[in-house]
Structures are given as structure tokens and as C-alpha cells.
Amino acid sequence: ACGERSRTMSDPRFQEIVVNGQRVLLPPLVFIPAGPFRMGSSRWHILRLRLSGYTWVQDELPRHTVDVPGFYIGKFPVTNAEYACFVQSGGYQDERYWRTAAARAWLRGEEVESGALKEAMEVWRAIHAQPGLLAQLRRAGILARQVAVWEQLARMNEEEARQTLGRAYAERPRDRPAFWDDEGWNNPSQPVVGVTWYEAMAFTAWLTDRLQVSSHKLQVWRNGQLETCDLRPGTFEVRLPTEAEWEKAARGRRGWIFPWGNRWDPEGANTAEGHVLRSTPVGVYPDGVTPEGVFDLAGNVWEWTSSLYRPYPYRVDDGREVLESEDRRVVRGGAFYDGPQSVRCASRRR
């Protein structure tokens, strides 16, 4: 509640700088040291999940070792306040930040048959074939208004559903996130939502560009200690984490099932079990912080990675990190409407 009422206050956790007359908020960073970790889930864990009725887990096999170089990750998910700097500085009007042909097509409104629409139509086909899925959605804690939308869509034929969903995607703004003007989602301290993968990538390109102009000092947490490092122009690239980097940041050195340990803790994350049923200001679940100091890697909102959705084992050089592809990308972490299974460190969606 305090976080949501701080709409008119500056957030002391973020460093404000001015670059070429434009406001930029620098996120505090956490250093994740180099080294191998075990990615994915064991067959025994998968069997237990399947026996409990959770079937969305086969893509977590096989469990395998991935060696990841050291990197920095944001202490919190990107907030509306941070993203507003990108919007207000004209990031949507500057195609330099939209680095792929598909991203520029999306920006111009030329790409309507989006991955989101394809995914929604797959959900429609599943519900149309198995009406009982709607009852499962209710039991899973999905918001009542979302279930009502799917009930309405399920009564349509395929072409009617495609046209209805297509209009929604075609008419969404191309100069700001989809829910930018909705008070339920646009508090400055809430994580930004309603962004495509293209928008997330453009934001990181813009922030990299802002940091090329002059020297700055970044706040970095390393081994639990806050340090200040000098950032020289041209030495730092901001980007989405790879799927392997995200999971290593979430699991930590101990390889836990959840960011805080191996036992489920409803106080550790904003999930359906907490009945908040909306996104919350970043960093307000201290019981869920990783040992390295990263918040909200479980629950709250799903997070984009740079990786294409491909079978395991993960290899950084097998083509899944190419930018020029319109295939589905991996999202991680689960959201406020998900249960414990979806917010595990190994859980992955497309």
C-alpha cells in the first residue's frame, strides 16, 4: 500500500541522471558470479509435478549443466518509472532502437498477426475442444474477468474469435505499452506490463545508448555489499538476460527450486495464493529475495528473456540467441495469477 501511494514521490532505490537534457533512471544492479549451474528439473521432480496434476513441465528436461560467465542483473524488474523515461524521450519514434525488421514492422503497425495472437488462438482452440478447461482456469486462480472474456470467446466460431482478438492487437498503441493509461497497472513503482519482446529490446537498446554519452557511477551489489563502480562510455551493454542467465540468477549458487529455497513460502512472492490479484510495486516481498539480492524473480509479472523457445539442453551458440527471428521467446518467473508450480526457477513458458 505504501508503494502504491508513492505515485508523486521519487524512489530512492533508483539513481536519476540527465543525459542530453533527458531524464534517465539507472537501476541498481546485482553481480552474478561466473560458473556452472544445473539448469532444468530432474526426472524425479518432473514425475512428482505430473502426479500432482501439473503437466506443463516436460520442456524442463533434461537437467543439464551450463557454464555462465559473470554478469549483472537488475535488482528489480523494470518499473513504469524507468520505462517512462524511454517513452518521454521519444524512444518509440526513433527506429535506431528497433533493431530488427520484425521490430520495425511492429512499430509501424504492419505486423498484426503477432505471436500473442497466435498464442491466444491456441488457447481458444484448447478451450473450444475442452470446455472444462474454463473451470480449471477458475480453480487455478485466474481473474474472474479474464475467465469471462474466454467464456465469451469460446461461444464464437474460429473466424469470429480471430477477428475479435485481431482487432484488439491491431488497435493497441504503438507509442507506449498496451496498458500505459490504465490506473490498475501504471503506478510508477509497479513493473511495466503490456510490452512486447520488441518493446523490451528497444528499451534496452535505448538505455545502452544513454550510457554511451558520458561517464556515470552505477550502484552495484556484490556479495551482499553495495559498491559504486565508474561506468565509462562504451564499456557497458544493457540487454535482456538469456534464459540460462535468468535461471542462474534465480537459483543462486545453491540451485534452489524457488529463489529463496526448496520449500514453498506464500510470503515469498506475489502469486494467486496471496489473493492480491494484481501486480505489486517491485521489491515488496523481502522473503523472496535471492541470496545475491535480486527481488521478484518469482511471481508478480512474467519476464522476457532474449532466448528463443527451444528444447533443452541449452546452448548459447545453437541459434536460440539470434535476434532476427519471429519465433516465440521464453518468458520466466510466473505472475500474480499463477500458483507455486509456475513460479519455480525452472518453469518456462513461450
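Leaving aside neighbours within four places in sequence, tyrosine 83 is in contact (heavy atoms within 4.5 Å) with Val78, Tyr92, Pro177, Trp180, Val192, Val195, Glu199 and Phe203. The model is a predicted one, in which local features need pLDDT of at least 70 and side-chain atom pairs count only at pLDDT 80 or more, whereas totals for chains, interfaces and linings use all residues. Residues are numbered from 1 along each chain as its sequence is written, and side-chain values use heavy atoms, with hydrogens and water left out.

Tyrosine 83 is buried, at a relative accessible area of 1%; buried denotes under 20% relative accessible area, exposed over 50% and partly exposed the range in between, for a 1.4 Å probe and protein chains only. Tyr83 is also among the residues with the most contacts inside the largest nonpolar core, together with Phe86, Tyr92, Trp98 and Trp206. This core has 42 residues, a nonpolar core being a set of buried Ala, Val, Leu, Ile, Met, Phe, Trp, Tyr and Cys residues joined through side-chain atoms within 4.5 Å. Two or more residues each come from strands S1 (15-19), S2 (22-26) and S7 (216-222) and from helices H2 (80-88), H3 (101-107) and H8 (197-210). Helices (H or I, at least four residues) and strands (E, at least two) are DSSP runs numbered from the N terminus. The greatest contribution is that of H8, with nine residues. Another core, of 17 residues, lies apart from the largest one and includes Ala249, Val294, Leu297 and Tyr314.

Helix H2 is mostly covered, with eight of its nine residues buried. These are Asn80, Ala81, Glu82, Tyr83, Ala84, Cys85, Phe86 and Val87, and their cover includes S2 and H8. Just after H2, glycine 90 adopts a positive phi of about 85 degrees.

Across the whole structure, 20 aromatic pairs are found. Rings of Phe, Tyr and Trp (its six-membered ring) pair if their centres lie within 6.5 Å, and planes under 30 degrees apart count as stacked, over 60 as edge-to-face and the rest as tilted. Tyrosine 83 and phenylalanine 203 form a stacked pair, 5.4 Å centre to centre with 25 degrees between the planes. Because tyrosine 83 lies in H2 and phenylalanine 203 in H8, the pair ties together parts that are 120 residues apart in sequence. Phenylalanine 203 is likewise buried, at 6% relative accessibility. Phenylalanine 336 is buried at 6% relative accessible area, whereas tyrosine 337 is partly exposed at 22%.

Several backbone features occur in loops. Most residues other than glycine have a negative phi, and most peptide bonds are trans. A cis peptide bond joins leucine 61 and proline 62, with omega about -10 degrees; proline 62 lies in the loop between H1 and strand S5 (64-68). A cis bond also joins tyrosine 312 and proline 313, with omega about 5 degrees, and proline 313 is placed in the loop between strands S9 (303-308) and S10 (329-332). Asparagine 223, not a glycine, has a positive phi of about 55 degrees. Asparagine 223 is found in the loop between S7 and strand S8 (225-231) and is exposed, with a relative accessible area of 69%.
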